[in-house]
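Here is a walk through one protein model and its ligand. Keep the viewer open and follow each stop in turn.

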Amino acid sequence: MSGAGPASDRRIAIVLFNLGGPDGPEAIKPFRVNLFSDPAIIRAPWFIRFWLARRIAAAAQQKAEQGYALMGGKSPLLELTRRQADALEAGLPGAKCFVAMRYWHPFAREAAEQVKAWEPQRILLLPLYPQFSTTTTGSSLADWHEAAARAGLVAPTTTLCCWHDDAGYAASIAALVAGTLATARAERPGAKIRLLFSAHGLPENIVRAGDPYQDHVERSVAAVMAALGRSLGEAIDHQVCYQSRATPQRWIEPSTEQALARAAADGVVAVVVPIAFVSEHIETLVELDVDYREVAETLHLQGYYRVPAPNDDASFIAALAGIARRALAQGDGLCSHRGGRACDARHGDCPWTRYRAVNAA
Ligand SMILES: C=CC1=C(C)c2cc3[nH]c(cc4nc(cc5[nH]c(cc1n2)c(C)c5CCC(=O)O)C(CCC(=O)O)=C4C)c(C)c3C=C
Ligand SMILES: [Fe+2]
Ligand SMILES: [Fe+2]
């Protein structure tokens, strides 16, 4: 670990969490059934969920197959996450990164066995979701604790609930935005530009039940806009919107389609920023690059550009390494986020602590 600190001489296992994705065409169906069977995603009693999961998964199966076919029949998420793991390891001597996916291999139980075999002195749980949602971070961390207990893995553990407004993270996203903005300006001289921060959506009822995700997304956008303002020295038009509606319920709005329609009506060029994803996957490479690009063409939008997801971008990895270092410097604890200050999300406390308490009750 670079720099002196309490963690500098220890064997530290860093567990990186993401959602996972199918590793071949035959995995698409079971991956999607796993996803819709998660009580954090479909909030219904288990016997209804068992039936509902298969029904919802079947409903858009063909569209999902077509989407994965465009990416070679599988998701690039695991490979990109492994690259992030390698880059992070290189920046944090003494640490070894492990990957735990929620709905496909390597599952948390596989990662927990690997971590146990490595015999760490300390573990850092680092979700690759900047914003906390019960559907992503909450579900992954709960899954990890079950897997770790089953594996008999006992080591002091530090958990990061969220890093949505970390200054280094915001600056790394702002730099990626600035790059695409420069391309858009060079290709559309004189055109008015609007940044559309497109985040994964959530069903409205999940947000109403207290999920802080939407609030965290808005805070991420504010942090990126502040960093962008500092580096470019100007204010830029922007809007937050939500993509990837996957169930028939009402989802939070405005949708990315609605934001594109507004951009067309206002005669502006849209520069889409995938704000809730740290890696390219089906929702960026297909939904943003193919589906919404088509929508933009149909709407005769002035222009449509997409900012890349950070993947293993050097400043993003450096930001992640800083987040990890600061979390570890605080010693063992349940949650070490925001440089040690308490969560100041809408609900005033740490969302993971709260989620854990509610689920244990
Ligand atoms: C109710 C359904 C869903 C919720 C809620 C949800 C939240 C959510 N998801 C991500 C990030 C990812 N989602 C991915 C895939 C994916 N997500 C859903 C549904 C919900 N997500 C589905 C059905 C799928 C499968 C793709 C498809 O069949 O269309 C992925 C991985 C994609 C891949 O490349 O394989 C990610 C990453 C976030 C950040 C989030 C809420 C905060
Ligand atoms: Fe999703
Ligand atoms: Fe927290």
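Where is the place of histidine 300? Histidine 300 sits in the loop between helix 11 and strand 8 (304-306). Its phi is near 55 degrees, a positive value in a residue other than glycine. Most residues other than glycine have a negative phi, and most peptide bonds are trans. Keep in mind that this is a predicted model.

Two peptide bonds also deserve a stop. The bond from histidine 105 to proline 106 is cis, with omega near -5 degrees. Proline 106 lies in the loop between strand 2 (95-101) and helix 5. The bond from glutamate 253 to proline 254 is cis as well, with omega near 0 degrees. Proline 254 belongs to the loop between strand 6 (237-243) and helix 10 (256-265).

Now zoom out to the domains. The protein chain is divided into domain 1, made of 12-164 + 313-360, and domain 2, which spans 167-306. Their C-alpha centres lie 23 Å apart. Across the boundary, 31 residues of domain 1 are in contact with 27 residues of domain 2. On the domain 1 side, the elements giving two or more residues are helix 3 (61-70), helix 4 (77-91), helix 6 and helix 12 (314-329). Helix 12 has the largest share of that side, with five residues. By class, the domain 1 side divides into 17 nonpolar, 12 polar and two charged residues.

The shell holds 23 residues. The closest are Gly21, Ala64, Ser75, His200 and His281. Three helices each supply at least two shell residues: helix 1 (28-37), helix 6 (134-151) and helix 11 (282-298). The shell has 12 nonpolar, nine polar and two charged residues.

Take helix 5 (residues 108-118) to begin with. The axes of helix 5 and helix 6 come within 8 Å and cross at roughly 50 degrees. The two helices are therefore oblique to each other. Their crossing is right-handed. Helix 5 makes the contact through Ala108, Arg109, Ala112, Glu113 and Lys116. Helix 6 answers with Asp143, Trp144, Ala147, Ala148, Arg150 and Ala151. Which classes meet in the contact of helix 5 with helix 6? There are six nonpolar residues, no polar ones and five charged.

Turn next to helix 13 (residues 351-360). Its axis and that of helix 6 come within 10 Å and cross at roughly 65 degrees. That makes helix 6 roughly perpendicular to helix 13. Here too, the crossing is right-handed. Helix 6 uses Thr134, Thr137, Gly138, Leu141 and Ala142. Helix 13 brings Trp352, Tyr355 and Asn359. This contact has four nonpolar, four polar and no charged residues.

The one with helix 5 includes five charged residues and no polar ones. The one with helix 13 has four polar residues and no charged ones.

Notes. Residues are numbered from 1 along each chain as its sequence is written. Chains are lettered from A and ligands numbered from 1 in the order in which they are written. This is a predicted model: local features need pLDDT of at least 70, side-chain atom pairs count only at pLDDT 80 or more; totals for chains, interfaces and linings use all residues. A residue is near a molecule or strand if its C-beta atom, placed from the backbone, lies within 6 Å of it. Helices (H or I, at least four residues) and strands (E, at least two) are DSSP runs, numbered from the N terminus. Ala, Val, Leu, Ile, Met, Phe, Trp, Tyr, Cys and Pro count as nonpolar, Asp, Glu, Lys and Arg as charged, and the others, Gly among them, as polar. Axes are lines fitted to C-alpha atoms, for helices over the stretch in contact, and angles run from 0 to 180 degrees between N-to-C directions. Angles under 35 degrees count as roughly parallel, over 145 as roughly antiparallel, 65 to 115 as roughly perpendicular and the rest as oblique. A crossing is left-handed if the near helix is turned anticlockwise from the far one by less than a right angle, and right-handed if clockwise. Two residues are in contact if their C-beta atoms, placed from the backbone, lie within 7 Å. Domain bounds come from an automatic or database domain assignment.
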